[in-house]
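User: I have a model open and want a quick walk through it. Can we start with single residues and then zoom out?

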Amino acid sequence: MPSYCRVSILGHLGGDAEIKYFQNGTAYANLNIAVNRPRPAGDSGERKTDWYRVTIMGKAAERCDLKKGELVEIRDAQMVGREWTDREGHERSAYDIKAYDFILMSKREGVKEQDVRNAFPGSKSNDDLPF
């Protein structure tokens, strides 16, 4: 039976998305996503935040006009490990997240409810919309 690792992340962008292109013309976008850890019950201390480096690949990267602070969801991404030796000769490793799609969860200024409804023509009320 094959094995795999899938990752889903819901968090806020730490900066604007950087869209770049490989030599073959394929787009990719680099994102840094902050996810706040839940506090244990009764803990009033400072909230801890984890940061994830995500690369969106392909067609999704071309529409990755995302801005700092926006809430995004990354679904069914792959976690990819990499290893290297640093300048001091120490073995290092890190995990990068590679994704092929995202969902913008933040509401953008200038987008009217009617614009959203036009994207989902069968919906008659907000309860019919998929979000």
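User: Where is K59 placed?
Analyst: This is a predicted model. In it, K59 sits in helix 1.

User: Is K59 buried or exposed?
Analyst: Exposed. K59 has a relative accessible area of 66%, and the cut-off for exposed is over 50%.

User: How far is K59 from T26 in space?
Analyst: The C-alpha to C-alpha distance between K59 and T26 is 8.0 Å. In sequence they are 33 residues apart.

User: Next one. Where is E70 found?
Analyst: E70 is in the loop that runs between helix 1 and strand 5.

User: Buried or exposed, that E70?
Analyst: E70 counts as buried because its relative accessible area is 11%, and buried means under 20%.

User: What lies 2.8 Å from a polar atom of the E70 side chain?
Analyst: The backbone nitrogen of K67.

User: Switching to the core. Which residues have the most contacts inside the largest nonpolar core?
Analyst: L31, I33, V54, I56, C64, L66 and I74. The core has 20 residues.

User: Now the surface. Which residues make the nonpolar patch?
Analyst: L10, I103 and M105 make a nonpolar surface patch of about 250 Å².

User: Where is I103 found, then?
Analyst: In strand 7, which covers residues 102-104. I103 is partly exposed, with a relative accessible area of 31%.

User: Zoom out. How many helices and strands are in the chain?
Analyst: Two helices and seven strands. Along the sequence the pattern reads β-β-β-β-α-β-β-β-α.

User: What share of the residues counts as buried?
Analyst: 25% of the 131 residues in the protein chain.

User: And how much accessible surface does the chain have?
Analyst: About 10,000 Å². Carbon and sulfur atoms account for 48% of that.

User: Last one. What share of the contacts with a separation of 6 or more joins residues 24 or more positions apart?
Analyst: 57% of those contacts in the protein chain.

Notes
Residues numbered from 1 in each chain as written. Predicted model: local features only at pLDDT ≥ 70, side-chain atom pairs only at ≥ 80, totals over all residues. Heavy atoms only, no water. Helix = DSSP H or I, 4+ residues; strand = E, 2+ residues; numbered from the N terminus. Buried < 20%, exposed > 50% of the residue type's maximum accessible area, 1.4 Å probe, protein only. Contact = heavy atoms within 4.5 Å. Areas by Shrake-Rupley, 256 points an atom, 1.4 Å probe, with all protein chains shown as cover. Core = buried A, V, L, I, M, F, W, Y, C linked by side-chain atoms within 4.5 Å. Polar contact = N/O pair within 3.5 Å; in protein donor to acceptor, adjacent residues only side chain to side chain. Patch = residues over 30% accessible without salt bridge, like charges linked within 9 Å, V, L, I, M, F, W, Y side chains within 5 Å. Salt bridge = Lys/Arg side-chain N within 4 Å of Asp/Glu carboxyl O.
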